[in-house]
Amino acid sequence: MKILFTKTAFVMLGVVALLSSCSKKQQSEKTGIPYNDRTNGSYTKFRQTHPSPGPGLVPIEGGTFVLGGSADQDVTFDYNNVRKRVTIPSFYMDETEVSNQDWLDYLHWISVTFPQDHELYYDALPDTLVWRSPLSYNEPYVQNYLRHPAFQDYPVVGVSWDQAQDYCQWRTDRVNESILQQKGILASAKDNKGKAPAAAAGQTPFNTDMYENGQYRGAGIDGKKMLPDLSAGNTTGKGKSVRPVRLEDGILKQAYRLPTEAEWEYAALALAGNTQFENINDAKIYPWNGLGVRSPKKATRGMILANFKRGEGDNAGVGGSLNDKADITAPVRSYPPNDFGLYNMAGNVNEWVQDTYRQTSSDEVDDFNPFRGNEYTNKRLADPVKGIYAKDKYGHPIKDAATSRKKLTYAQLIASQGGAAPATTGGATVAGQPANANSAAPPLRSDLVGKPYDADQRGYNDTVNRVLYGTTTLAHDQSKVYKGGSWNDLAYWLNPATRRFMDEDESSAEVGFRCAMDLVGSPEIHPQGKPHFKVKSAKAFKAN
């Protein structure tokens with residue numbers, strides 16, 4: 001049984017979130033206070049939704065599987081993949097690898113948005129010199145692979161893990177900006193007579209965090225179809241109160257990011273295609289069924305199912321009958337997709353994942369949503385009292401390492417941001433005044449004192465001595481995992497459980513990436529035709 005997960009299956013769940021505006025007033029189930037009523041302080045309830053995937057993504061229904069379970073043998077004797085049953089929450093993943101055209105879109109935006117910032121553009125360029133080899137004639141790829149139209153649908157390579165992170169941030173902002181412009185909530189260049197909204201308003205470009213914090217507003221930015229604001233203020237000349245989109249509206253997409261190693265392995269195996277009533281009928285060692293790498297179907301029998309190196313000196317097959325139709329990489333939609341609808345989850349290029357490499361990670365990570373690589377951060381506040389974020393010259397919020405494993409008190413938060421702690425006078429808080437006569441900042445709680453907090457969890461529960469990097473180990477906090485096998489790898493590396501690593505600032509002609517996105521709400525992707533307990537809606541409360 002094969003289940004192809006597509007975006008069309010999400011139509012019924014992908015209704016855009018809007019503020020509830022039913023003629024019959026809804027009331028709080030617990031207090032009886034009416035929702036969405038201008039006369040009672042705009043106590044607001046938003047319509048519950050299950051958002052659709054962002055552009056380029058397909059839904060991946062999560063579940064339990066054995067991490068590392070598809071590896072038949074530890075051929076390399078690395079002992080870095082102990083089998084462990086884990087649960088992966090549902091998420092979204094790119095249908096294909098990020099292509100050269102996708103990256104050129106990114107470069108073009110930088111060149112037109114920051115035309116004088118040559119450093120930013122240069123830092124975003126892939127390293128095309130990864131094609132060079134002392135005893136190989138690869139100069140044509142150095143010159144042509146990224147920019148020539150013949151390669152526009154091929155996966156981008158020469159991109160470091162750090163560059164992939166920057167692309168994910170850029171893509172998040174551009175997708176959310178486009179959504180808001182299409183709905184008329186945000187002004188477009190057309191509204192500003194060909195001028196970008198940020199330029200028209202003299203601001204840095206759109207950033208999702210800044211927008212959600214109310215720091216991307218003004219003439220030339222606010223659209224004509226902003227949402228109604230039930231609270232006071234923000235009144236236009238026509239007497240209509242409007243506001244920008246909030247997270248609660250469900251309109252903005254979650255951030256694009258690299259998939260975790262466990263997510264990537266789960267998505268590559270796509271065991272959902274072999275599952276019926278929680279029974280996995282057939283295991284897999286590749287993203288397709290069977291023990292071999294050739295197609296068993298009549299029309300394509302014998303053809304290789306992925307782009308990889310069959311053996312020494314055999315990257316493409318025999319002239320006149322090229323089996324995998326590729327010598328280096330191939331277009332990102334080459335070869336049959338797996339049962340989740342994902343292309344090239346084996347071969348073509350290896351793919352960066354989010355995880356920091358450790359040999360023993362698979363044995364140590366949690367069994368729910370396993371991941372190693374957390375670096376907890378807080379957004380720096382330019383004005384702690386007003387909650388205004390500090391931003392860099394590109395309009396991104398500045399992030400600092402988190403200072404506590406627990407929520408600070410308000411006074412501690414203000415003090416940690418360099419502001420004066422608020423004092424209390426007769427039960428009222430007076431901002432900008434010292435907390436008491438003797439101290440401008442209240443002390444931290446006793447449970448936080450004497451317990452140094454490290455926001456960097458990449459080496460948590462780890463015995464690797466960072467001082468020995470390059471002497472007895474190559475694993476450190478900048479070592480990032482890549483998976484999947486490439487055009488220049490043997491079939492062993494096509495197994496989703498195999499794992500290798502490289503420093504985050506390095507790149508290769510054999511490594512690319514694809515993005516993922518969190519799925520919020522119910523994890524079930526296809527509820528049709530399955531038994532369910534009825535979920536009762538909240539009863540309407542009627543006051544006497």
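A residue counts as buried when its relative accessible area is under 20%, as exposed when that area is over 50%, and as partly exposed in between, using a 1.4 Å probe and protein chains only. The model is predicted: local features need pLDDT of at least 70, side-chain atom pairs count only at pLDDT 80 or more, and totals for chains, interfaces and linings use all residues. Residues are numbered from 1 along each chain as its sequence is written, and side-chain values use heavy atoms, with hydrogens and water left out.

**Overall makeup**

- The chain has nine helices and 22 strands, where helices (H or I, at least four residues) and strands (E, at least two) are DSSP runs numbered from the N terminus.
- Of the 544 residues in the chain, 44% are buried.
- A contact means heavy atoms within 4.5 Å. Among contacts between residues at least 6 apart in sequence, 68% join residues at least 24 apart.

**Asparagine 350**

- Asparagine 350 is part of strand β12, which covers residues 350-356.
- This asparagine counts as buried because its relative accessible area is 2%.
- Leaving out residues up to four places away in sequence, asparagine 350 touches Tyr482, Lys483, Gly484, Gly485, Ser486, Asp489, Arg500, Glu510, Val511, Gly512 and Phe513.
- A polar atom of the asparagine 350 side chain lies 2.7 Å from the backbone nitrogen of glycine 485. A polar contact is a pair of N or O atoms within 3.5 Å; within protein, one must be able to donate a hydrogen and the other to accept it, and residues adjacent in sequence count only if both atoms are side-chain atoms.

**Salt bridges**

- Side chains of opposite charge can pair when their charged atoms come close. A salt bridge is a side-chain nitrogen of Lys or Arg within 4 Å of a carboxyl oxygen of Asp or Glu.
- The whole structure contains 26 salt bridges.
- Arginine 500 and aspartate 489 form one of them, at 2.9 Å from N to O. This pair links distant parts of the chain, 11 residues apart: arginine 500 is in strand β20 (residues 500-503), and aspartate 489 is in the loop between β19 (479-483) and β20. Both arginine 500 and aspartate 489 are buried.
- Aspartate 400 and arginine 380 form another, with their closest N and O atoms 2.8 Å apart. Here too the pair links distant parts of the chain, 20 residues apart, with aspartate 400 in strand β16 (residues 399-401) and arginine 380 in the loop between β13 (377-379) and β14 (381-383).
- Aspartate 400 is partly exposed because its relative accessible area is 26%, and arginine 380 is partly exposed at 34%.
- Glutamate 29 pairs with lysine 30, and the closest N and O atoms are 3.8 Å apart. Glutamate 29 is partly exposed at 45% relative accessibility, whereas lysine 30 is exposed at 72%.
- A network of salt bridges links Arg358, Glu375, Asp456, Arg458, Asp462 and Asp477.

**Cavities**

- On a 1 Å grid over the protein atoms alone, a cavity is a set of points where a 1.4 Å probe fits but cannot get out, and lining residues have an atom within 4 Å of a point. Grid points are joined across faces, edges and corners, and a volume is the space filled by probe spheres set on the points.
- There are three cavities of 30 Å³ or more.
- The largest cavity has a volume of about 100 Å³. Its lining consists of Leu67, Asn81, Glu261, Ala262, Glu265, Asp355, Ser361, Ser362, Val365, Pro370, Phe371 and Arg499.
- Helices α7 (261-269) and α8 (361-364) each supply at least two residues of that lining, and α7 gives the most, with three.
- The lining of the largest cavity has five nonpolar, three polar and four charged residues. In this grouping, Ala, Val, Leu, Ile, Met, Phe, Trp, Tyr, Cys and Pro are nonpolar, Asp, Glu, Lys and Arg are charged, and the others, Gly among them, are polar.
- The second largest cavity holds about 50 Å³ of space. Residues lining the second largest cavity include Asn100, Asp127, Trp131, Tyr141 and Gly158. That lining divides into seven nonpolar, three polar and one charged.

Key:
1 Å grid on protein atoms, 1.4 Å probe; cavity = no way out; pocket = protein on both sides within 12 Å on 5 of 7 lines; lining within 4 Å.
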